[in-house]
Every structure is written in C-alpha cells, then in structure tokens.
Amino acid sequence: MGKSNSPTPSQIRELQESKERYEKFFQAAAFGVVIHDGRKIIFGNQEAVRLVGGKSQKEFIGKPILPFVHPESRLTVAKRILQMALTGKTAPLLREKFVRVNGEPFNVEVTSTPIHYQGKSVFQTIFRDITESEKISEELRESEQKFAILFEKNPFSTALSELPSAKIIAVNKAFEESFGYRRKEAIGKTSLELGINPDAETRTKIATQVKEKGSIHDIELNLRKKSGELRTYLVNIDVIEIAGKKYLLNTARDITEKKQSEKALMAAKIQAEETAAQEEALLNSIGEGVVSIDVGGRIIFTNKVAQKIIGKTAWEMAGQPFERLLPLVDEKGERILKDKMPLQVALKKGETVAVSSLSTPYYFKPDGEVVPIALTATPVKLVKETIGAIVVFRDVRLEKKVDRAKTEFVSLASHQLLTPLSAIKWYLELILSGDTGEVKGRLKDYLETAYKSTTRMGNLVNALLNVSRLEMGTFAVNPENIEISVLADTTLRDLAEKISHKSLTVKKDYRPPQWLKADPNLMQIILQNLLSNSVKYTPENGKIILSLGGDGEDFLIQVSDTGLGIPDEDQPEVFTKLFRGKNIQEADPEGVGLGLYIVKSMVERLGGKIWFTSREGKGTTFFVTIPLAGMKKREGSRTLIARKEKENGKREQKDNFSN
Amino acid sequence: MVKESKKTILVIEDELPLLEAIQRKLENVGFKTLTAQNTENAMSQLQEGAVIDLVWLDHYIFGKEPGLLFIAELKNEPKWSKIPVFVVSNASGPEKKQAYLSLGADKYYTKVDYKLEDICRDIEEFLNK
C-alpha cells in the first residue's frame, strides 16, 4: 500500500535511520509490537516473540498473521484492519484473543494504527498479555464476592464500624432482621446513636476491654431492637485492620429463645428431680414393699420396705429375677408353680393379680422362716403392650394374728352362746311338753315358733363354730372307710319330709366305687349342705339328681336341681362368707350364707375342688371332687359339727308337740 | 319306767337354770335325782354312800374341763366303775366324744342339739336293758 514514487538517497538514509530508531525503540518495549501488512508479518519485537512463544524474531518475518489470531477474534481483527485501511485512523483499544505457537490461547489488550514503514503503508499492532491480570482481578472479584456473601448471609447480625468514629459502615441482612433497622438507617450512625445497647455500665466495660485487648468474646448482652424490645444476644467484638485502617467488627447472635428453652429445660429438670424425690419419698414412706419389674421379670427398683422384707439392698436386687428373691410357697410349704405366680400372670396376661391377706402365699426366707405375704402384681402397660409390672407386697403376720384373734373370739363367743341357748331350748321344751301344765291355742303356736327359732339359732352357732374351726385350721380329719351311698341315703332320709312336702323327685345315680377313705363327719357336712340347698331352692314338683362315683383319680359328687338357679351377677360371690343371692333371700329368709363357704373351705383343705354351673330360673349343678387317694389324716383340736336336721327327720315327728 | 323302784340319777351341771330344767324333766319322767354343781361335790356324795344308777355329766364346769377327770376317777374305783355315765356337754365334736367314750362313758350328747326328752328316753331305755 506504499507510494510508487522512488525515494531519494536522503530519503533512503532517513528511512534507514528511522527504521533503526524504530526498531531500537520497539525492541526494548515492554509490550508486543508487530508490523504487518494486513496479511503477513513484517516485523515483531522481542516481547511479541516471547508472548507468542516463538524462538527468534526472524522466524516470524513473512509469516501470515491469521494463525496467531484465535478464531473467536478473527472477525474483530478483520474488521479492525478494514476500518484502519479505509479511515487511516488508529483503532481503539480492544480485548482480543490470540494464540501462541503451541496453540494456547491468551487474552490481549490490543491497539493498532496504520503507519508508513519502509515506504509502505502497513499496520503497527501493539498488544499486551492480560490473561494474568485478568485472572488476578477475577480472583479478586470472586474473593470480594465470597466475602460479601459471607458477610451478607452470615446468620449472626454483623455490623462493621470504622474507628475512631465508631460509625457503622456496613450491616448484614441478619442485622437488619434482628434489630429491625434498615441498612440505610444504620449506616453512618453509631450503635450508641441507635440505642442498641441501652446499659451504660456494660457499654463502658465493653469499650474498656476492647480498647485494652482488641476484642471481647461471647458476652451476653440485653440489646434493644428498633421496636424497643429487649432481647438477649451473645456478642463478639473485634478490632480489625483493613488496608491500614482500623474497624470494629460486631457480631451478635440472638439467644433469647435458647435462653428461654434453657430456662424451661432447667425448670423441667428441677421439677422432674422434685417429682422423683417426692416419688422416692412416697415409695419409701408407704408401709408396703414396692418393686418395679421389667418385662423379663427382673427388678428395676425396690423401696425400703421391699428391701427390709427380702433382706437385701437395692444394689443386690437390681437386675435380679424377682421370683428368685421372693420365692413363694403355699400353706403346705410347697413351691407355687411358676405360671401360677402372680407376677407371671400379670406379665403374661396383662391382668392385675391380687392375693388377699387371708389366703396368702408365704415368702420362704433363705433362713427357712416362712412369712405370710399379701401381694398385688399390676402390669405396666404402654400402648396396650405390657412393659413390666409393679409388685406391691407386705408382711401380713400381724394381720394373720389379728384375724386369728378375731376367729378365736368368734369361736369363744359362739361357744358361750350355747349354754343360754340350751337353757332357753330346754325350758321351752319343758313348757311345750306339758311339764308345767297344759299349753294350748295361740300360746302353744307362739312357743313352738320360739322353739324352732332356737333350734335354728343352734344350727347357726354350730355353723359359726365350724367356720372358725376351718379358719383356725384346727379341725380334725379322721378318715375311715365309708360307704358313701349309705351316708348319702342317711342325708336324704333327714330331708325326706321336706322332699315329699314339695313333691320333689330325687334320682340317685350311684356308680362304683362306693367305698371311700374319708372322714364321715366331713362328707356328711358336704352332702348335707349341697342336698339341703337343692331341696330348699327347688320349687314344688322339681327334680334333684344326686350322682356319686369315681371320676379318674377323684371321687365326684354331683348334685343337680331344677331350682331357682344363681343369677349371673351373684355367681362370683357364691362361696363368699355370709353371702346370699337375691333370689334365695326371698325363697328362704332364714339362711345365713355360711353353708357353701364351709363346704368350699373344707373341700379345698381336703385337696378337692368345688364348682358349679347354673342358670337363673333353670337350675344349678354343684360338683365336688375328693381325691380317691383318700383324705389325709389331720390332727386337730376340734371337729366340725354335722348339722342336725332333726326337725325334718324321724325324731322331728316325735318332737312335734301337737301330739 | 319302773315306778315302784325309782332309779337315782346324779346330775352334775354347773349352770343352775340348766340343772333345774334337767332335774325337773328327770323327775317328771319318774327318776329320783341328786344334783351337784361341781365334781368335788358329786364325788363327796358318792363317797358318803349315795346310791347312784346313772351319772348325767357336763363337760365344762365353770369354764374348766373337770368332767374328764371325774369320769376317770369314777371308772377307776371298782365300787363305782359300773355306774353308767351320760355326758351332756356343750363341747361339740367327736374328739371330746371319743375321749369320754374311751374313758368309759356310755353316751355323749351336745346340749343344744338334743331335747331333754330324747336324753331321758335314752336313759330309760339304757337302764331297762
């Protein structure tokens, strides 16, 4: 693009000189200089060679420029060259991407200007590598950004104040949210002006410490929000230096809720401790042994009384199987089977089991002493699942003693009643039999009623004596070989008059064996009670079946009737002392409610069983089993008295004073 | 009943009302009676030569059980060992009954369960055998 006129010698010299000057000037330049004609390189300085990673300046001369321009920048470069050629003006400073010899791209800041060189119109392109500086500024920017984010997103309220003015220059979002000041409200003010820390004393203290030590950490302060609300913060203050200037960095964390929940937790803890202390005091002050047991039957807790009864410390018992520590025996001294133990029943069936003080098991102490125990095992349930049990028990020696004293009193009192009762009875007899002159009419009727009542009273006193003997365990068992059918027939004969009076049918079903080793007196009481109940409570024209005979290892007595039956709600109470069903109170107001109690106590002490089936209005069947192995002889100081059914037997007819 | 030669019953009973009732009944049915409210008195009557056909003996006398001692003493003395003894007691139960029968008593009654008439008839039957 140079001019076609030939240069003069002076011009040539000038040109040569200028080329040398030019080259010298650019050779040492700290930026890359390339002269090219728009296609090929004419000159490149040392820095340009270094930047593109070449070896010598010479190798570049005559090389096309295009390979050194990154494809991304080729269009820009082409446009620039065209622009310069058309306008002859210097192109503005641009950012372009060049490529080194090894193919590595690098960013450059580049400017280009059309010049005359060696008599030609060419372009002088000056460039410098900005990859490094861009990278540094990028890193700086990123770092600044990171710190800005860190500052902004920091969940602790943060305020930066400059010193010495203490004016806030920056606050973060947490600060705005926590204290309620907008950024622009806070910036330019001191925290004193904002009134954040209202307490002058702590302010002074903090200022002193920060001045002396350069920081104060983790102090709890009550700070005021814009709204005036005071909240508790954990505060850190540090003096920091940025570019030689000092600043105050304040961070605060709102711990009001945390403090409150700590307080609540502390209160709950204190309360729990108080409750636990109260419970422990409660458990230790009650007069019964209390043991809590896990689902595996092992002891978790014992109170003082439990420790005393068992004779071991809480430590010795914890984790031990309860039943090993409190082995129970029945009154014969035999171990109670595991599945019969109240605790096992409570754990397996999830039911409360209470063993009352009068039919207690006994705690067999390791030293051989046997202590009567009343015990209740209650399952502990969590959402229907049994997770353990509480066993409450006590030594009932004293109760047994008191109970025995009561029974002995009843025995003694009953006994004392017999003498005056006999006197009344005998005098009535003397009057009624005419020993004092003729008695007739209403006087006679009344005296007969009095006489019958006296007889009933005698029976009642005898029943009470039997009860007390059973309860004292002082009754004797004298087994003999007896023919039970004979005994049964005798009993039925005693009842014959009542049976025929009510037109009852009695069916006898006697099966072998009929011989039994048993106490005739006791067997008679059992038969007498069951049969006389059937007779009493079966309406006219009813039916009674007495069946006797062997049943496996037992002798079975079965008494069925078509009587009043036992109402469902009364059934659980049938064997309870002095209990009488509602329907029979009306049918027989004279009964006392001791018969079945006596029979059951007796049968059980003889190793037998008694039970019944009944439907109200249909009838009742009582079942009694006595082991065929026979009753064991039992030495007792007293014998039970078979009730005299004299009023109804043969003698009754002779006693009938109407004769 | 043999009216010509009345039999004599010695009644030992500490309770006066009962004693009187027994005495009355026995006399009404034709017996002669001797009474004693304690066994010492009964024993001295025997020692003084009273002729007794039968002894009606209570078991408890003043809360004690001297009946057993009395019958033992009686049966131990050849002069009296043949005298039949009917025990009429408040002490119910076969142990006492057994004890008296083994000591030689002939019958054992519990007061409240028997009529005077029954016992008197048994005495008549027993003495007339």
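View 1. Pairing around strand 10 of chain A in the predicted model. L160(A) has L249(A) as its bridge partner in strand 10 of chain A. The hairpin of strands 9 and 10 of chain A. Strand 9 (residues 230–242) of chain A is antiparallel to strand 10 of chain A, and 10 bridges join them. The turn of this hairpin has 2 residues between the strands, and A243(A) in the turn has a positive phi of about 50°.

**View 2. Helix 5 of chain B and its buried residues**. Helix 5 (residues 116–127) of chain B has 12 residues, which at 1.5 Å a residue should span 16 Å; the end C-alpha atoms are 16 Å apart, in agreement. Its buried residues are L116(B), E117(B), I119(B), C120(B) and I123(B). These residues fall within an arc of 165° when seen down the helix axis, so they line one face of helix 5 of chain B. The elements covering them include helix 14 (397–432) of chain A and, from chain B, strand 1 (8–12), helix 1 (16–28), strand 3 (54–57), strand 4 (85–89) and strand 5 (107–110).

**View 3. The largest nonpolar core**. This core has 41 residues, of which I526(A), I598(A), V599(A) and M602(A) touch the most other members. Helix 18 of chain A gives the largest share, 8 residues. Leaving aside neighbours within four places in sequence, V599(A) contacts I526(A), N529(A), L530(A) and I610(A). A second, separate core of 35 residues includes V55(B), L57(B), V88(B) and A105(B).

Terms used: Residues numbered from 1 in each chain as written. Chains lettered and ligands numbered in written order. Predicted model: local features only at pLDDT ≥ 70, side-chain atom pairs only at ≥ 80, totals over all residues. Helix = DSSP H or I, 4+ residues; strand = E, 2+ residues; numbered from the N terminus. Expected span 1.5 Å × (residues − 1). Buried ≥ 20, exposed ≤ 12 C-beta atoms within 10 Å, placed from the backbone. Arc of directions from axis to C-beta. Contact = placed C-beta atoms within 7 Å. Pairing = 2+ DSSP bridges. Core = buried A, V, L, I, M, F, W, Y, C linked by C-beta atoms within 7 Å.
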